[in-house]
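This report covers charged and aromatic side-chain contacts.

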Amino acid sequence: MKRILLTNDDGYQSEGLLALKEALNPLGQVTIVAPASEKSACGHGMTLTRPLRFIKLDDDFYKLDDGSPTDCIYLALHALYDEGFLPDLIVSGINIGSNMGEDVSYSGTASGAMEGVLHDIPSIAISQVLQDKNILDCDFTLAKTTIFNLAQSVLKRGFPLGKREFLNVNIPQTTPKKCQGIKITELGIRLYGNDAHLHRNPRGEEYYWLGLHPLNWKEREGKEMSDFEAIRQNFVSVTPISLDFTARNRLKGLKEWIMQ
């Protein structure tokens, strides 16, 4: 039986995580290790300054007390699996909200997949794009169909990427019938503003609350469609992400500059 490990950054009670479990249950033994609370935009952070504790909620379902998605994957692989019997696949999501462009660097969802490929396990991050994250009822039908098909392909035919590379999947807010298909994309350029709101508490002390930036973006000068444009056109966006951050086209110029 294939072994599949799930995590997310929205917390163990997220509807997206439960939808992901439902989608992948037919493919093998599904184990969940998820944060006890929401960890959105926590990046690839690991907890080093305090102990962490697994809390068992059900068979093969754990929350990690105040842990990040990275903690969840790292500790699950070391504590819940025997050597030689690691997961065949790791999936992080279904995130409620997009993870496109440079948002991937902030994303706890993407970081769960990053941690998976650091341990040489095929990994996928999947996010459901929403116009409003406050909606009460999110339809994950397209996301569930997509991740089932992708996971099934990985388990049957092998992972299509190399070492320390993962798939970043974004699902448009549409129905399966209206979806235009799948596009292999590159990361677009995310345009950021400053949405920090200054307030005062009842004691007169100032504090800031960080808001959400509008989803503004622009295309890169590459040949591939960006993830943003694919979503705009109602395609599922699938982007291969590499953990090699080296700006290789700058190595020669940097060598020349440093020697001047």
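A network of salt bridges links Lys-39, Arg-50 and Asp-66. A salt bridge here is a side-chain nitrogen of Lys or Arg within 4 Å of a carboxyl oxygen of Asp or Glu. The structure holds ten salt bridges.

| Salt bridge | N to O distance |
|---|---|
| Lys-144 and Glu-22 | 3.3 Å |
| Asp-120 and Lys-163 | 3.8 Å |
| Arg-200 and Glu-206 | 3.0 Å |

The model is predicted: local features need pLDDT of at least 70, side-chain atom pairs count only at pLDDT 80 or more, and totals for chains, interfaces and linings use all residues. Residues are numbered from 1 along each chain as its sequence is written, and side-chain values use heavy atoms, leaving out hydrogens and water.

Glu-22 is exposed, at 52% relative accessible area. Lys-144 is partly exposed, at 23%. (Buried means under 20% relative accessible area, exposed over 50%, partly exposed in between, with a 1.4 Å probe and protein chains only.)

There are three aromatic pairs in the structure. Rings of Phe, Tyr and Trp (its six-membered ring) pair if their centres lie within 6.5 Å; planes under 30 degrees apart count as stacked, over 60 as edge-to-face and the rest as tilted. Phe-54 and Tyr-62 are edge-to-face, because their planes stand at 75°, with centres 5.9 Å apart. Trp-217 and Phe-228 are stacked, with 5.5 Å between centres and 5° between planes. Phe-228 is buried, at 3% relative accessible area. Trp-217 is partly exposed, at 25%.
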